[in-house]
Amino acid sequence: MKSLEELTRPNIWSLAPYSSARNEYNGKDAHVFLDANENPYNTPYNRYPDPLQIEVKQLLSKIKGVAVENIFLGNGSDEAIDLPYRCFTRPGIDNVVAIEPTYGMYKVCADINDVEYRPVLLDEHYQLSAGKLLAACDDNTKIIWLCSPNNPTGNSLNYDEIVKVITGFDGLVVVDEAYSDFSRQKSFRCELDKYPNLIVLNTMSKAWGCAALRLGMAFASKEIIGIFNKVKYPYNVNLLTQQKVLEALKDPFEVDKWVKMLLQERTRLIDNVRMLNNICIEVYPTDANFFLVKVTDAQKIYDYLVDRGIIVRNRNRVQLCKNCLRITVGTKTENNELLAALRQY
């Protein structure tokens, strides 16, 4: 890969980050805080939170098998998606390459940051070609975006093809593993030492059931994490989120139970949807907590479900997803209500 200095925007490389006194005294025993112009009353909400979320990272490190220095925490995965643009791409000059279809925020962030976004279509099985992705790159391509399991298709991307992309590209490769807890495929966060140009994303929103807390993760080399920490806003993860996430992380076995139940319900739901011959054309393979189904008329069926208070995702206008609905696996009761409505269509 190119050196990190070559990949980083010059103004970011030379940036002197904001430093709070909480960073500066780190490691010292302090109990009187007169540094941040805080109100001394209304404990504990009067104090700014830990800017580097050390306690959360220490617990995550044990669960995820990644060193604390290789973890970045953000305000949802959206912050972890936006930061690579802000840190490494020059507006109006650089570009990024991504698979298509995939999660829409990669393109939204590219547009916000004035960076050219180059989509490369997956094949008819929703799989990538490393050769096609690499062929779409040029000297100004800074990032390749991959999502596995992919959204909205649900399938895991071919592991070997991902490796070819990582090893064949001299820029940064981001692998978004938001749904990896539902997949048996080996996580790329275990390969950080092997691939210095790799950034792996994860989230508390899916398997952990903490979407409202807004905590996203990025795993990468300590050098990349250092650049993220330079650019992020000082107190980007609030105290309440940190406290609630710590509570959730102390009971990972509950999450294992949820995942097992969701996978069982996914199988049951897919089997029943396949039996709806007047609606269902094809259900695509999935490794996530949702599945993509091709139906006779996505818009009509979507509108029909909305009228009955049931909301799924209409992916009809997404490339390669004509007449497709994306259905998230809910509770048994929710899934039964969906099936009952579809049977009456």
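In which hand does α5 pass α6, right-handed or left-handed? The crossing of α5 past α6 is right-handed, where right-handed means that the near helix is turned clockwise from the far one by less than a right angle, and left-handed anticlockwise.

This is a predicted model, in which local features need pLDDT of at least 70 and side-chain atom pairs count only at pLDDT 80 or more, while totals for chains, interfaces and linings use all residues. Residues are numbered from 1 along each chain as its sequence is written, and side-chain values use heavy atoms, with hydrogens and water left out.

Helices (H or I, at least four residues) and strands (E, at least two) are DSSP runs, numbered from the N terminus. Helix α6 spans residues 105-112, and its buried residues are Tyr 106, Cys 109 and Ala 110. They lie on the same side of α6 because they cover an arc of only 105° around the axis; the arc is that of the directions from the helix axis to the C-beta atoms. Buried means under 20% relative accessible area, exposed over 50%, and partly exposed in between (1.4 Å probe, protein chains only). The cover over these buried residues includes α5 (76-88), β3 (116-121), β4 (141-147) and β5 (172-176).

The axes of α5 and α6 come within 9 Å and cross at roughly 45°, which makes α5 oblique to α6. Axes are lines fitted to C-alpha atoms, for helices over the stretch in contact, and angles run from 0 to 180 degrees between N-to-C directions. Angles under 35 degrees count as roughly parallel, over 145 as roughly antiparallel, 65 to 115 as roughly perpendicular, and the rest as oblique. On the α5 side, Asp 78, Ile 81, Asp 82 and Tyr 85 meet Met 105, Tyr 106, Cys 109 and Ala 110 of α6; contact means heavy atoms within 4.5 Å. The residues of this contact of α5 with α6 divide into six nonpolar, no polar and two charged. Here Ala, Val, Leu, Ile, Met, Phe, Trp, Tyr, Cys and Pro count as nonpolar, Asp, Glu, Lys and Arg as charged, and the others, Gly among them, as polar.

**Helices α4 and α10**

The axes of α4 (residues 54-64) and α10 (residues 239-249) come within 10 Å and cross at roughly 25°. That angle makes α4 roughly parallel to α10, and the crossing is left-handed. Glu 55, Val 56, Leu 59, Leu 60 and Ile 63 of α4 make the contact with Gln 242, Val 245, Leu 246 and Leu 249 of α10. The contact residues of α4 with α10 comprise seven nonpolar, one polar and one charged.

**Phe 291**

Phe 291 is found in strand β9 (residues 290-295) and counts as buried, at 0% relative accessibility. Among the residues that Phe 291 touches, not counting those up to four places away in sequence, are Leu 269, Val 283 and Ile 327. Leu 269 is 22 residues from Phe 291 in sequence and 9.6 Å away in space, C-alpha to C-alpha.

**Backbone exceptions**

Most residues other than glycine have a negative phi, and most peptide bonds are trans. The table gives some exceptions.

| Site | Backbone value |
|---|---|
| Glu 100 to Pro 101 | cis, omega near 5° |
| Asn 151 to Pro 152 | cis, omega near 25° |
| Asn 37 | positive phi of about 55° |
| Asn 42 | positive phi near 75° |

Pro 101 is in the loop between β2 (95-100) and α6. Asn 37 lies in the loop between α3 (21-24) and α4 and is exposed, with a relative accessible area of 78%. Asn 42 is in the loop between α3 and α4 and counts as exposed at 57% relative accessibility.
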